[in-house]
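Please keep the sequence and the model in view while reading.

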Amino acid sequence: MIRVLLADDEELIRVAVAALLGLEPDIEVVAQAGDGREAVRAALAHRPDVAVVDLQMPVLDGFEVTASLASSLPSCAVVVLTGRGKPPHLRRALSAGAKGFLPKGSPGGTLADVIRRVHGGARYVDPELAADALTTPPCPLTPRELEVLRLAEYDTPVAVIARQTHLSTGTVRNYLAAAVAKLGAATRSEAYVTAHDNGWL
């Protein structure tokens, strides 16, 4: 039996996936978690062979859970399940140690097949997402420009961003101006949407 942990903050999805996997003769769901921290605790307590982790969860997101399990429980292969996978998410998940990356819209039997593959030592990446990753341009922004732009999401005042990042207001304005220019946007809100839609934030 392949012992599996499911982690997803949406209970309906988590329970439905558990029921679907329960139909497989060689897969047993040994634990479920509704947030990232709970997922790490459950993995350490139950020591599953595979953890199926939602990308967007409260407390710790799927990237953080993946990185934590890669270091604290390397025998557990992580499959990231996501509702809206973007090429940068794929790269980040694989860098964190994920062995599989699968959209939630995949056919029903695919998840069980992916669990078997990663348990056997292979990797799996959704083919469409892999093709997108090969053709998507890299993010033109520096890590600091991304950080400042992420904090500007809700039209946060420059002074507030400066306090949060321990930068001067002039430096924050320069980073925002650079992000707007590099993304060909008219405003910082438009730059945020562009970066978000490309999966860079």
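## Helices H8 and H9

In this predicted model, Val158, Ala159, Ile161, Ala162 and Thr165 of H8 meet Thr169, Val172, Arg173 and Leu176 of H9, where contact means heavy atoms within 4.5 Å. By class, this contact of H8 with H9 has six nonpolar, two polar and one charged residues (Ala, Val, Leu, Ile, Met, Phe, Trp, Tyr, Cys and Pro count as nonpolar, Asp, Glu, Lys and Arg as charged, and the others, Gly among them, as polar).

Helix H8 covers residues 158-165 and helix H9 residues 169-182, and the two pack at an angle of about 105 degrees with their axes 8 Å apart. That makes H8 roughly perpendicular to H9, a term for angles of 65 to 115 degrees. Axes are lines fitted to C-alpha atoms, for helices over the stretch in contact, and angles run from 0 to 180 degrees between N-to-C directions. Helices (H or I, at least four residues) and strands (E, at least two) are DSSP runs, numbered from the N terminus.

## Helices H4 and H6

The axes of helix H4 (residues 87-96) and helix H6 (residues 127-135) come within 8 Å and cross at roughly 100 degrees, and H4 and H6 are therefore roughly perpendicular to each other. Pro87, Leu90 and Arg91 of H4 make the contact with Leu129, Ala130, Asp132 and Ala133 of H6, a set with five nonpolar, no polar and two charged residues.

## The annotated stretch

UniProt, in an unreviewed entry, lists residues 3-119 as "domain: Response regulatory"; such annotations may be inferred rather than shown by experiment. Over residues 3-119 the chain is 46% helix and 23% strand, with the end C-alpha atoms 9 Å apart.

## Basis of the values

Residues are numbered from 1 along each chain as its sequence is written, and side-chain values use heavy atoms, leaving out hydrogens and water. Because the model is predicted, local features need pLDDT of at least 70 and side-chain atom pairs count only at pLDDT 80 or more, while totals for chains, interfaces and linings use all residues.

Key:
Angles under 35 degrees count as roughly parallel, over 145 as roughly antiparallel, 65 to 115 as roughly perpendicular and the rest as oblique.
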